[in-house]
Amino acid sequence: MKRSWWALLVIGIVWSVLMGYGIYAYQTIAEPSPLYALVPWGAMVTGYVFFAISSGGVFDALAIRLGLYCEEEAKRVARKTLVLALALLIPGIVLVFADLTHVEHSGWIYAGFNVTSRIAWNGILYIVYAAFLVAALVYAIRAGEERLTSTAGRALLIGGLLASLALEYNLGSVFGVNVAVPAWFAAPMGVLNIALAFLLGAAWSHIGLGEVASTVTGLTREEYRRCCVKGVSKELAGMAVATGFMVAWALVQMYSWGSAHPALETLVSGGLAAPFWVGFALAVPLAIILGLYAHYRASRTAILAGSILTIVGGFLLLHSIVAAGQTGRLAALQSYDLLASHALGPGGEAKALGELMTNPVELAAFIGGFGLWLLLYTLGLGVLAVEPGEKPRRLLVFR
Amino acid sequence: MARAAMIIDLNKCTGCLACVEACLRENVARYTGDGRYVLPEGNSVFYARTKPVIATGRNVYVDSRMYFVQCMHCDNPPCALVCPTGATYKTKNGIVMLDHSKCIGCRACIIACPYGARSLYRGVLEGRPLHRYALEPGYPDKCTFCVHRGSTSGPAEWTPACVEACAFGARIFGDLDDPSSLVSRLVREGRVVTLAPELGTRPKLFFVPPARSMPRTRRG
């Protein structure tokens, strides 16, 4: 193994400890606060949506390139891309379970399946998507990436694409189906999530393949530049346009519906304006500019900068919208307003915002998720047969 | 089929909060075994299943400054709609309940309730709960109409703790489907209102608004 592989592995392990600490601290919280009822969905909820759609975005782009268009160039990075998608999905699933206050009952999601619940459908869609993803990875390693454009390979990729799109839409719609929360709308949130998934997928593809894989595997930077920089940068710029459009649509809907005004004000000019606009600037105009620049100049620096800024901006944008939906109802629904003012005293909304944006335990779990991704991805690149044409020697898929 | 319902008459309510205290004693407090009862840390009233709220202006629905936030036992409960495991469900007699053994703690029900009726206590409570439907830390707690005093399928013939504690008869509990019950009669006569009826949740917690507002309420 290369020294850089070991270095990234150690960084991943150390960084993952942060996630372990965050989850442990969250699960053992013994601090009573009305905030747990008034604004119950914090950074861990946004965090699992973020990792799940990032994984979906990485997979979707590959599935479209290979499953629909049979692009030869995409085959060279197919195995590594599938490992990347899986390494991103796992922190998301870990955060899903870590966020539950009674994880020991989670089997009831399947045993007591409620068809009207979006969260219950998430439980199904996670499994279906993960099954297609793992099957496609095993198939690519066992049969070779050439076979991914065969009928069976394309079926796996397109099946996974459909499951992934459904998961991305459904994750967004969880925020939009109920009557209680002004500012969360089913249709825009679902479609926004899909646009954001492709945007984040492009960013993660560059980080995963162009930076990590080209450092620790046989994929050279030049090879990556030839096969992928133009496609990834085009996807980054294009999906940033789509994301910007969807955010604008969501804002217009909030403006048109009176009870959503408090959330709109919080987002555009209130307590969430800073993270919202910074997130928007990073994930939309800057991603467009850097994506286009990288596309026309084949610039690695530009696509690297665009990818990092998109990942930061994408999370800020998503979390701002998730937070605004919750703080918005404190002002829009009188019962909540009164409960918040009685339970939290003056400045209740600021306390609620502080809880949602800066809770150290939830942030530690989410930020630690990047460490778990790095650990799993590096490990996957090291121990799985991921080089083009490589035959597995041990246990179906290992080197 | 029975449909349990409650009416809070804001003409008779003096704001003494005996109902809140009774609720805390019945559903929230725990017995430690050494003669002590303990309540949640912090603002215990926030964890009562009937929470008093005082608005700076008048509530547009009940036309009163003071009213109560508690589970409305909706006919179309949004919390049951979003619950992934069926832990939140409606009993045969229309009471919205939480099955602790199925709840995963995703808090979707807290998000979905438009009335702010569910609260989550994440502190530690020593001692044992006083009955099987009492508050448990880490679960989205809610009013059960004190169903442990009666049954989840039979007629609504028991008396919830808050109703029992009200010295002024401001709280009335009964069966909405029994034409002879007071609850049913007051609802039939149009003397009651609900919070946010436009949401389509069809609450079964009703308020009788203060008398001065009655003509306007009837016309509405």
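Chain A and chain B bury about 3800 Å² between them. Carbon and sulfur atoms give 61% of that area. The model is predicted. On contacts, 46 residues of chain A meet 51 residues of chain B.

**Polar and charged links between the chains**
- The count between chain A and chain B is one salt bridge.
- Asp99(A) pairs with Arg107(B) in a salt bridge, and their closest N and O atoms are 2.9 Å apart.
- Across the interface of chain A and chain B, 28 residue pairs are in polar contact.

**The chain A side of the interface**
- Six helices of chain A are listed here: α1 (3–27), α2 (35–38), α6 (108–111), α7 (118–143), α14 (300–332) and α15 (334–344) each supply at least two residues to the side that touches chain B.
- α15(A) gives the most to this side, with seven residues.
- By class, the side of chain A that touches chain B holds 27 nonpolar, 15 polar and four charged residues.

**Helix packing within chain A**
- Helix α12 (residues 273–283) of chain A packs with helix α13 (residues 285–297) of chain A at an angle of about 15 degrees. Their axes lie 3 Å apart.
- Angles under 35 degrees count as roughly parallel, so α12(A) is roughly parallel to α13(A).
- From α12(A), the contact uses Phe280(A), Ala281(A), Leu282(A) and Ala283(A). From α13(A), Pro285(A), Leu286(A) and Ala287(A) take part.
- The contact of α12(A) with α13(A) has seven nonpolar residues, no polar residues and no charged residues.

Key. Residues are numbered from 1 along each chain as its sequence is written. Chains are lettered from A and ligands numbered from 1 in the order in which they are written. This is a predicted model: local features need pLDDT of at least 70, side-chain atom pairs count only at pLDDT 80 or more; totals for chains, interfaces and linings use all residues. Side-chain values use heavy atoms; hydrogens and water are left out. Axes are lines fitted to C-alpha atoms, for helices over the stretch in contact, and angles run from 0 to 180 degrees between N-to-C directions. Helices (H or I, at least four residues) and strands (E, at least two) are DSSP runs, numbered from the N terminus. Angles under 35 degrees count as roughly parallel, over 145 as roughly antiparallel, 65 to 115 as roughly perpendicular and the rest as oblique. Contact means heavy atoms within 4.5 Å. Ala, Val, Leu, Ile, Met, Phe, Trp, Tyr, Cys and Pro count as nonpolar, Asp, Glu, Lys and Arg as charged, and the others, Gly among them, as polar. Buried area is the accessible area (1.4 Å probe) that two parts lose on being put together, summed over both. A salt bridge is a side-chain nitrogen of Lys or Arg within 4 Å of a carboxyl oxygen of Asp or Glu. A polar contact is a pair of N or O atoms within 3.5 Å; within protein, one must be able to donate a hydrogen and the other to accept it, and residues adjacent in sequence count only if both atoms are side-chain atoms.
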